[in-house]
Amino acid sequence: MSRAAPLIIVIVTLALAAASLLTGTESISVARAWDEWRTNADVAPNWHILTQQRLPRTMLALLAGAGLALAGCSFQALLRNPLATPYTLGIASWGAFGAWVATIVVQTAAQSETGSFRSVLLHSDVIGFSFVQAAAFAFCLFNVGFIYFLANQRERLSPAVLLLAGVTMGMFANAGIMLMRFFALPSQLVNMDRWLMGGVDLLGAEPVITLIVGVVPCAIVLLLHAGQFDQLGFGPELAAGRGVNVRRLQAITFLTCSLMTAVIVSKVGPIGFVGLIVPHAVRSLTGSRHRILMPLSMAAGGAFLCFCDIAARQLFDAEIPIGIITAVLGGPFFLVLLVRRRFTDWD
Amino acid sequence: MSAHLIADGVAFSYERGQPVLNRASINIESSEFTGIVGPNGSGKSTLLRILGGLLAPASGTVTLDGEPMARIGHRMRAQRVAFLPQSVQPTFSLTVFETVCLGRHPHLGALGTLTPHDRDVAERCLDAADCTDLRRREFMTLSGGERQRVMLASILAQEPALLLLDEPTSSLDVHHQVEIFDLLRRLAEDGYGVCVVTHDLNLAAQFCGNVLLLSGGSPEPVAQGTPVDVFAETTLSEAYGSPISVSEHPIEHTPFISASPRSRQSR
Ligand SMILES: Nc1ncnc2c1ncn2[C@@H]1O[C@H](COP(=O)(O)OP(=O)(O)OP(=O)(O)O)[C@@H](O)[C@H]1O
Ligand SMILES: [Mg+2]
């Protein structure tokens, strides 16, 4: 590992976060925002934009990127598979399925006669989640619970069973999505497609708090198991001999990662690619010791989403969805890395 | 630190399978070098997993210093008993030194930080397994035998009281085979309890104080005792289900075991 890699990653992350704060259609000045706050000005446009729009947006990008990269890294270790992503076990598909069902239900409710039913659905707010987000989250949890139940039927949690069960469940959800699309109105199709492309352009502190509550505790739990992931890298038997409770580790990883991913997906949509490429990119710089790899993947994941979100705002006149940018910018970068750096893992 | 691992009357079968072991008993004790031998599929690895607490026996007891294995915490157990599986399947590429340091896991704190002492131990174990010159190499790029020596070093770095090793020399050259067995014997003389599964009956005869012979045909062990007692032609032939001849090793004067192919025997 090059010794400078961790430092560079952290500096780049901070720089991109700062840049993200200063990027947008309105040009604002931090100095003026500070003045407005200090003098307690009645009209404080700079301060307002900074704290209500830019800060949440940057924080969401950092948190979602960090969480997805960490979940990807952990799933790759858990499933012992380089292709694993936070979405491999169907979480994103189930989130999308949930969002679709909610959209259709809301639409039906909007046309229904009974006003109370309608207002409950349209204006309900379950601990900071809109109805669509809450439904996405609930469907994710169902998927996670069901896969866990299936995998638990065996004496040991087999990565292959987990993987195949997850992929199968994902296909179910995709079929459900197609069914919903079949029944949907054109306007709903547009809305939903936009949701699927992801976005961190949410306003105010509330979504940020939701993500902090969803991501930070899970991240701490996962980081505390970093040493055990290293052991698992040499196979479950060796890990068990080293004192790792392999079954417990698998269960904790699976549940924590899934929960974290579910919160992220239901808030900002299924932003793709971060969870796959960021851990691999960081691995190629720092090596595979998880105590270093995991925290740096989080930093790099946050940095990557900040970068993509800046690009989303700057590349064209109209803002484009971040989910498109992650693949368009991340893909080529990752392919270059694949060819240039030596990838000895999983050989 | 002395330790005593006892399996008594152990029986085991895998999910919905034939019984693999029945009424198997073995003692692994500090300062002793025990061998487990027998044909392919006779349950050697299974027995070692049971001894290491990785599998729970269907009946019989396994105790470590008088305490039932199942009641000992994973970490506590790993501090006293180390287990080297027959094969490891690495997914991540670490350097040799990092790989050996992984052996320190049961001794590390919650954050997994290596102390200078941990590094010293790792260096010493690298040296003991004759892989100091490999320390900067990527584990994934090593040859089969080099990997095996590095894995042995990482098991030694665990600094357990008892070592359970599943075929630790199966890919080693003649020279390293003897060196590793000699190292294990010296470790036993220094107070470690060592148990190896091996297919090399001659090395077992030369180095082990005790051997347990498992049978290909039945889940019950065939014989147990000193190599001279166990490695008798009739006993071995029964275990392997094919004639095996025993003579005397020309230099060591221990039993010298050889097998001939069936086609030659029938002539
Ligand atoms: N996970 C498993 N599930 C079902 N059966 C198993 C499993 N592992 C081993 N067996 C069976 O149990 C028996 C004993 O296997 P074990 O691995 O203990 O043999 P062994 O003596 O170590 O053989 P070898 O010399 O080939 O390593 C074999 O018949 C094997 O097929
Ligand atoms: Mg075996």
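**Exercise 1. Decide whether Thr235(B) is buried or exposed, and place Thr235(B) in its chain.**

Solution. Thr235(B) is buried, since its relative accessible area is 15%, where buried means under 20% relative accessible area, exposed over 50% and partly exposed in between, computed with a 1.4 Å probe on protein chains only. Next, the position of Thr235(B) is in helix 9 of chain B, residues 233–240; helices are DSSP runs of H or I with at least four residues, strands are runs of E with at least two, and both are numbered from the N terminus. Finally, leaving aside residues up to four places away in sequence, Thr235(B) touches Leu213(B), Val222(B), Ala223(B) and Val230(B), a contact being heavy atoms within 4.5 Å.

Before going on, note that this is a predicted model, in which local features need pLDDT of at least 70 and side-chain atom pairs count only at pLDDT 80 or more, while totals for chains, interfaces and linings use all residues. Residues are numbered from 1 along each chain as its sequence is written, chains are lettered from A and ligands numbered from 1 in the order in which they are written, and side-chain values use heavy atoms, with hydrogens and water left out. The model scores ipTM 0.91 and pTM 0.91, and chain B averages a pLDDT of 91, with 98% of the residues at 70 or above; pLDDT is the predictor's confidence in each residue, from 0 to 100.

**Exercise 2. Find the protein donors of the magnesium ion (ligand 2) and describe their surroundings.**

Solution. The protein donors are Ser45(B), through OG, and Gln86(B), through OE1, at 1.9 to 2.2 Å from the ion; donors are N, O and S atoms within 2.8 Å of the metal (3.2 Å for Na, K and Ca), and the site may look incomplete because water is not among the atoms. Ser45(B) belongs to helix 1 (residues 44–51) of chain B, and Gln86(B) to the loop between strand 6 (81–84) and helix 3 (96–101) of chain B, so the pair ties together parts that are 41 residues apart in sequence. As for accessibility, Ser45(B) is buried at 14%, whereas Gln86(B) is partly exposed at 41%.

**Exercise 3. Work out the order of the four-stranded open sheet of chain B and follow its pairings.**

Solution. The order is 2-1-4-5, with antiparallel pairing, and two strands pair if DSSP finds at least two bridges between them. Strand 2 (19–29) and strand 5 of chain B are the edge strands, each pairing on one side only. Strand 1 (residues 4–13) and strand 4 (residues 59–64) of chain B are joined by five bridges, and here Leu5(B) has Leu64(B) as its bridge partner. Strand 4 of chain B is then joined to strand 5 (residues 67–68) by two bridges, in which Leu64(B) stands opposite Glu67(B) and Thr63(B) is partnered by Pro68(B). In the hairpin of these two strands, which has two residues between them, Asp65(B) takes a positive phi near 50°.

**Exercise 4. Show which residues of helix 8 of chain A are buried, and where they lie around the axis.**

Solution. In helix 8 (residues 186–196) of chain A, the buried residues are Gln188(A), Met192(A) and Trp195(A). They cover an arc of only 50° around the axis, and therefore lie on the same side of helix 8, the arc being that of the directions from the helix axis to the C-beta atoms. An α-helix has 3.6 residues a turn, so residues three or four places apart point the same way. Pro186(A) and Val190(A), on the other side, are exposed. The buried residues pack against helix 4 (91–111), helix 6 and helix 12 (246–268) of chain A.
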